[in-house]
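Reader: I would like to learn how to read the features of a model one by one, with the general idea set out before the particular case. Could we begin with the way strands pair?

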Amino acid sequence: MRAFDKFKIWVLFICLVSELGYGFYLPGSYPHKYGVGDFLNVKVNSLTSIDTELPYSYYSLPFCQPQEGVKDSAENLGELLMGDRIENSPYRFKMYTNETEIFMCQTKPLSGEEFKLLKKRIDEMYQVNLILDNLPAIRYTRKEGYFLRWTGYPVGIKVQDAYYVFNHLKFTVLVHKYEETNVARVMGTGDGAEVISTVGKDGSEAPGYMVVGFEVVPCSVQHAPDSVKNLKMYSKYPTPIKCDPTTVAMAIKENEPVSFTYEVNFVESDIKWPSRWDAYLKMEGAKVHWFSILNSLMVITFLAGIVLVIFLRTIRRDLTRYEELDKEAQTQMNEELSGWKLVVSDVFRAPSNPALLCAMVGDGVQILGMGVVTIMFAALGFMSPASRGTLITGMLFFYMILGIAAGYVAVRLWRTIFCGDHKGWVSVSWKAACFFPGIAFLILTTLNFLLWGSHSTGAIPFSLFVVLILLWFCISVPLTLVGGYFGAKAPHIEYPVRTNQIPREIPPQKYPSWLLVLGAGTLPFGTLFIELFFIMSSLWMGRVYYVFGFLLIVMILLVVVCAEVSLVLTYMHLCVEDWKWWWKSFFASGSVAIYIFLYSVNYLIFDLKSLSGPVSATLYLGYSLFMVLAIMLATGTVGFLSSFWFVHYLFSSVKLD
């Protein structure tokens, strides 16, 4: 009864968390109420491009700078790792106050170097990313009768042989009137009204507004040089400015300045504050996601049928017949054994490179646990893109904490392989703590040197490198060693049969066994390749991925498929008297990483056609290699553990002398 009560409490807690994640949208975030006339400060993020994938600082180009100087905003670890550099900007608005023809600044005459850099950034299709009240600027364009949404706006455009810069911005800020009852409902509690004050600056009950949308229309406008001579920042431009996004006029030339202006219009909207991110997070192709899941279910059903045949018709039939015989008949049957029963004295023989296998399985458990927990939290709304960098920060946090699981699994598997021997468990723990992080550190350091050489904001600062190393050796490694200690103390898994000293010779096969193992990865790949396209588009095409519910379902299905594939392949190898199943069971499901890497190369060639330069291609392939390594360890671990359970169950049911 006590266990049932605990279960009810956990269900209530999960439902409460889910309700908060749905109603409040982003737990821990509160709407900001502005009074009429309050200043709204716009921030700038790094310049980004799908053509190079190299982010650069906004102020690396000759743009207007704020009067108080450039200042960095507070950033978390995830933002720094993603290459985000959020800084203040000279753009500022007054709440619910429409303004037009606002002069920003006139740059100095463009030097030859600035002129070339500006042309290069326009050729590479760089986008300017602005942020207001944590909302990125969004741009709408019409193409073939459809409205397309883009975050940010292009630096400029090339028309024939001339380069034009977008030097006038038309902002539209969508606001929603502050309502007590609405915010109380948003907070999810009755005291939501006490959280945010409703009193205006003058102490009256003045209405307040919340920002629920931020749109931008970039224009290229030719300003008269004489009109801006005596103007200061935020002065009124003397003549009306017509913003027509279909025409361009401000051609950039060497040794000539560029003038920047803007206008802002406030529009009251029916959009509620919890729904203000819907325009960014709305994912097209929901039917495609469902098709992906149905496709995965078909693969699972097919494999499950094979597994049931193996268990019910083959294994159960053999075991039942064996148990019904008397001892004399069993002895006679032992002499006529065939298939998997012949390898009974070799099936648990220690594999080659057992320490490496233990380290890889331990790291696989750590990566798989990190992925499952992170996606679950993201599906509940705790790691929304509205809170930049939290997804990466959360992944790092969960990865370090799960070092305990990595050490425990690696050491316990080590002791199982060597029948309970404690010797060498510290070495195995160190290997588990350093294998995947060491390879990842090597890849990321190499790529970081390329980013440093390109002066990109995507380069990890040296101070952050030191922080990551400290997190690795001061948190992750000790936790892995603690897990290894508990694994050394835990009882090892006892083998159900004895192993002969002399290994049995494996009969020659008609085809290489590894060929079948590598081909087995096609089935797990078939369950995720549709969802993989959306993930790749999010990573490399600047699109927002937020269907974490679909991703969680696909991940669960992937785990089931990996377990089934590895189990079937292990049984097939045992039936042909191949007792070297340890590594093959790992790579039977882990080989899906090969197909994901080939898909990444295909995506680079056919979807990222505009990706220019060897640096960009090297970065893409380097990050893809890092990703497929993690996937290989996670999926391979699922396959190995399921096969180990299967082999242990199979031979524990048969007692042969």
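This is a predicted model: local features need pLDDT of at least 70, side-chain atom pairs count only at pLDDT 80 or more; totals for chains, interfaces and linings use all residues.

Reader: In what order do the 4 strands of the open sheet lie, and which strands stand at its edges?

Author: The order is 3-2-6-7, with antiparallel pairing. The edges are taken by strand 3 (87-94) and strand 7 (135-136), each of which has a single partner strand, so that one side of each is left without a neighbour in the sheet.

Reader: How should I read aromatic pairs, and how many does the structure hold?

Author: In general, a pair of aromatic rings is described by the distance of the centres and the angle of the planes. The structure holds 46 aromatic pairs. One of them is formed by Tyr96 and Tyr209, with 4.7 Å from centre to centre and 45 degrees between the planes, which makes the pair tilted. Because Tyr96 lies in the loop between strand 3 and strand 4 (99-106), while Tyr209 belongs to strand 14 (residues 208-219), this pair ties together parts that are 113 residues apart in sequence. Tyr96 is partly exposed, at a relative accessible area of 31%, whereas Tyr209 is buried, at 9%.

Author: A second case shows another geometry: the ring centres of Phe441 and Phe465 are 5.6 Å apart and their planes stand at 90 degrees, so this pair is edge-to-face. Phe441 is in helix 12 (residues 425-453) and Phe465 in helix 13 (residues 462-489), so parts 24 residues apart in sequence are tied together by the pair. With a relative accessibility of 29%, Phe441 counts as partly exposed, while Phe465, at 9%, is buried. Both rings belong to one aromatic cluster, which is formed by Phe441, Phe449, Trp452, Phe465, Trp472 and Phe473.

Reader: Which rings have an arginine placed over them?

Author: Arg121 lies over the face of Tyr56, at 3.9 Å from the ring centre. In another case, the charged end of Arg349 sits over the ring of Trp579, at 5.6 Å from its centre.

Reader: Let us turn to salt bridges: how many are there, and what do individual ones join?

Author: The general idea is that side chains of opposite charge can pair when their charged atoms come close. The count for this model comes to 6 salt bridges. Among them is the one in which the side chains of Glu101 and Lys236 meet at 3.3 Å, N to O. Glu101 is in strand 4 and Lys236 in the loop between strand 14 and strand 15 (259-268), 135 residues apart, and the pair thus links distant parts of the chain. Glu101 is buried, with a relative accessible area of 14%.

Author: Another salt bridge brings together the side chains of Asp133 and Arg276, at 2.9 Å from N to O. Since Asp133 lies in the loop between strand 6 and strand 7, and Arg276 in the loop between strand 15 and helix 6 (278-281), the pair ties together parts that are 143 residues apart in sequence. Asp133 and Arg276 are both buried.

Reader: Are Arg504 and Glu577, which also meet in a salt bridge, buried or partly exposed?

Author: Arg504 is partly exposed, with a relative accessible area of 31%, whereas Glu577 is buried, with 19%, a value that falls under the 20% cut-off. The N to O distance between their side chains is 3.2 Å.

Reader: Finally, how many residues make up the largest nonpolar core, and which of them have the most contacts inside it?

Author: The largest nonpolar core has 149 residues, and those with the most contacts inside it are Phe93, Leu130, Phe171, Phe214 and Phe651. Helix 16 (residues 548-575) gives the most to this core, with 16 residues. If neighbours within four places in sequence are left aside, Phe651 is in contact with Trp340, Val343, Val344, Val347, Phe348, Pro496, Val497 and Leu574. A second, separate core has 7 residues, including Val228, Tyr237, Ile241 and Cys243.

Terms used
Residues are numbered from 1 along each chain as its sequence is written. Side-chain values use heavy atoms; hydrogens and water are left out. Two strands pair if DSSP finds at least two bridges between them. Helices (H or I, at least four residues) and strands (E, at least two) are DSSP runs, numbered from the N terminus. Rings of Phe, Tyr and Trp (its six-membered ring) pair if their centres lie within 6.5 Å; planes under 30 degrees apart count as stacked, over 60 as edge-to-face and the rest as tilted. Buried means under 20% relative accessible area, exposed over 50%, partly exposed in between (1.4 Å probe, protein chains only). A charge sits over a ring if NZ of Lys or CZ of Arg is within 6 Å of the ring centre and within 35 degrees of the ring normal. A nonpolar core is a set of buried Ala, Val, Leu, Ile, Met, Phe, Trp, Tyr and Cys residues joined through side-chain atoms within 4.5 Å. Contact means heavy atoms within 4.5 Å. A salt bridge is a side-chain nitrogen of Lys or Arg within 4 Å of a carboxyl oxygen of Asp or Glu.
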